[in-house]
Amino acid sequence: MDATAAADSQAWLSRAEACLRLRRWHEARELAEARLTQEPQDGEAHRVRAQALWGLGRRGAAREAVREALRQDPQEGRFLWVLGSMECDEARGRAARAVARQLVALCPDWAPAWRLAARAALLPGGDPRAGERHAREALRREPNSPDGMWLLGLSLLLQGRPRQAEAHFRQGLARDASHVGCLVGMVRCHLRARRLAQARDTARQAIALNPTSRRVEQVYALTVGSLHPVFRPLAWWSFSVGQWSLGRRVAGLALVLLLLGQAAAVLPPAGQVLLSLAYTGAVLYLLAGGALFRLAVARRWFL
């Protein structure tokens, strides 16, 4: 590549990276696709396209784009990092940890590799103690990283050490007051300590910064429930069931119906009527919870 082409490539990449940082997904995708018409084997263009498509919610196409980037250069750490981040976003713990191990082996001195390993370790099926070790490794390489402080705080919180976790979340916010992960962590710490007004105010900050995040929405629901005890069971229901797969929801409902059916079979008629009324009321209550604590409603009514 001659000097002019290299300069053009660097200028294109800088502009595309700026679009990704600013969450201008459509513009980033257009830049990547324009680049690919000229250089169809440009791995960075495939990577930018993957991140833009992911931001636009086109997850299948995004996965294919990052796989194409890896086909162009299987040893490029940034491409593996994007793939691992996708696995983390979808809470695919085993797959995320496999990608993170590969990335750490490839780039052992790169802080984002250790942060990915920490994030993967904190997913279901992982080990928060491993997450703590990986987060500390990341911070050893980038001591001022808010992402590293967030991951260390989260690992400590999951180990039942909320005071230490809160200290790290505060350090992260001291370096980046808009860091959503640290804000969400602080909400959880406030709720644990029953600092409900502070939890509400911090939740407001988090949702203003990232109004489409499912993670922020769930914490928002918990904050609403804690501030309004009458609605607390609904908030916890919305939070808990919202993390289940569809299969688990169906299986859970089937089990409840089975148990209720068995109970009804041994009750007298009057008891069966009361059980039916209680069951109907509980279902309506829980269905209301699933709807009531969607973000838009909670935000408008309660916070």
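## Buried, exposed, or in between

Let's start with a term: a residue is buried when its relative accessible area is under 20%, exposed when that value is over 50%, and partly exposed in between. Glu142 has a relative accessible area of 33%, so this residue is partly exposed. Keep in mind that what you're looking at is a predicted model.

## A helix wrapped up by others

Now find helix H7, residues 111-121. Of its 11 residues, 10 are buried, so the rest of the structure largely encloses this helix. Among the buried ones are Trp114, Arg115 and Leu116, along with several alanines such as Ala117 and Ala118. The cover over the buried residues of H7 includes helices H5 (77-89), H6 (93-106), H8 (128-141) and H9 (146-158).

Arg115 has a partner, too: Arg115 and Glu142 make a salt bridge, with their closest N and O atoms 3.0 Å apart. Arg115 sits in H7 and Glu142 in the loop between H8 and H9, so the pair ties together parts 27 residues apart in sequence. Arg115 itself counts as buried, because its relative accessibility is 13%.

Side chains of opposite charge can pair when their charged atoms come close. How many salt bridges does the structure hold? The count is 25. One of them joins Glu33 to Arg49, with 3.2 Å between the closest N and O atoms. Here Glu33 belongs to helix H2 and Arg49 to helix H3 (residues 43-55), so to speak two distant parts of the chain, 16 residues apart. Both ends are partly exposed: Glu33 at 31% relative accessible area and Arg49 at 22%.

H2 (residues 25-38) also holds Arg35. Arg35 is buried, with a relative accessible area of 12%. Beyond its neighbours within four places in sequence, Arg35 touches Ser9, Trp12, Asp42 and Ala45.

## Where H10 meets H11

Next, look at H10 (residues 162-175) and H11 (residues 180-192), whose axes come within 9 Å and cross at roughly 145°. The crossing is left-handed. On the H10 side the contact includes Pro162, Glu166 and Phe169, while H11 brings residues including Cys182, Leu183 and Met186. Sorted by class, this contact has seven nonpolar, three polar and three charged residues.

Glu166 does something else as well: its side chain meets that of Arg195 in a salt bridge (2.9 Å, N to O). That links H10 with the loop between H11 and helix H12 (196-209), 29 residues apart.

How values were computed: Residues are numbered from 1 along each chain as its sequence is written. This is a predicted model: local features need pLDDT of at least 70, side-chain atom pairs count only at pLDDT 80 or more; totals for chains, interfaces and linings use all residues. Side-chain values use heavy atoms; hydrogens and water are left out. Axes are lines fitted to C-alpha atoms, for helices over the stretch in contact, and angles run from 0 to 180 degrees between N-to-C directions. Helices (H or I, at least four residues) and strands (E, at least two) are DSSP runs, numbered from the N terminus. A crossing is left-handed if the near helix is turned anticlockwise from the far one by less than a right angle, and right-handed if clockwise. Contact means heavy atoms within 4.5 Å. Ala, Val, Leu, Ile, Met, Phe, Trp, Tyr, Cys and Pro count as nonpolar, Asp, Glu, Lys and Arg as charged, and the others, Gly among them, as polar. Buried means under 20% relative accessible area, exposed over 50%, partly exposed in between (1.4 Å probe, protein chains only). A salt bridge is a side-chain nitrogen of Lys or Arg within 4 Å of a carboxyl oxygen of Asp or Glu.
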